Amino acid sequence: MMQTMMQATDTKTLIVEREMPHSLEKIWRALTQGPLIEEWLMKNDFKPVVGHRFDLRADWGVVNCQVLTVEPNQALSYAWEAMGLKSVVTWTLTATSTGTHLRMEQSGFRPEQQQAYEGAKYGWQKFFAALERVVGGLS
């Protein structure tokens, strides 16, 4: 499920939500452990420490990030800057009767960044599919 929200500042927010039949702890591990992040997102030097600066590296370039929020098994957010886009990615995990509701919100797309927004929309669908595979493989 995807939604778009417009804010007063006229920036767009991309929201992707998934119900996953996995525990909060497993999903949290996949979101916060470098080797696991690499399996579903990109090469990285991530640490779940507020203020930590890290890079996500892909064939097309580098995303400069900084950790903003770490609430174990509940919420994680980081600044995400690449190719002129300054955004914030926020993950929210909520326990459900069958597993976990995972919500990813990327905010900060300016009106002239429609291409970046469309690219992110496409990219996050792929990342989520890969994330589900990685989490499914965790013991």
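Tutor: Begin with a definition: buried means under 20% relative accessible area, exposed means over 50%, and partly exposed lies in between (1.4 Å probe, protein chains only). This is a predicted model, in which local features need pLDDT of at least 70, side-chain atom pairs count only at pLDDT 80 or more, and totals for chains, interfaces and linings use all residues. Residues are numbered from 1 along each chain as its sequence is written, and side-chain values use heavy atoms, with hydrogens and water left out.

Student: Is Leu-85 buried or exposed?

Tutor: Leu-85 belongs to strand β7 (residues 85-96); strands (E, at least two residues) are DSSP runs, numbered from the N terminus. Its relative accessibility is 7%, so Leu-85 is buried.

Student: Which residues does Leu-85 touch, not counting those up to four places away in sequence?

Tutor: Contact here means heavy atoms within 4.5 Å. With residues up to four places away left out, the contacts of Leu-85 are Trp-80, Gln-106, Gly-108, Phe-109 and Gln-113.

Student: How many salt bridges does the structure hold?

Tutor: A salt bridge is a side-chain nitrogen of Lys or Arg within 4 Å of a carboxyl oxygen of Asp or Glu. By that criterion, the number of salt bridges in the structure is 6.

Student: How many residues apart are Arg-103 and Glu-17?

Tutor: The side chains of Arg-103 and Glu-17 form a salt bridge, at 3.7 Å from N to O. Arg-103 sits in strand β8 (residues 99-109) and Glu-17 in strand β2 (residues 12-20), so the pair links distant parts of the chain. Arg-103 is partly exposed at 23%, while Glu-17 is buried at 13%.

Student: Which residues do salt bridges with shared partners join into one network?

Tutor: Arg-103 also pairs with Glu-105, their closest N and O atoms being 2.4 Å apart. Glu-105 has a relative accessible area of 19% and therefore counts as buried. Through shared partners, the salt bridges join into one network Glu-17, Arg-103 and Glu-105.

Student: What is the relative accessible area of Lys-86?

Tutor: Lys-86 meets Glu-81 in a salt bridge, 3.4 Å from N to O. Glu-81 is partly exposed, at 31%. Lys-86 is exposed, and its relative accessible area is 56%.

Note on methods. Helix = DSSP H or I, 4+ residues; strand = E, 2+ residues; numbered from the N terminus.
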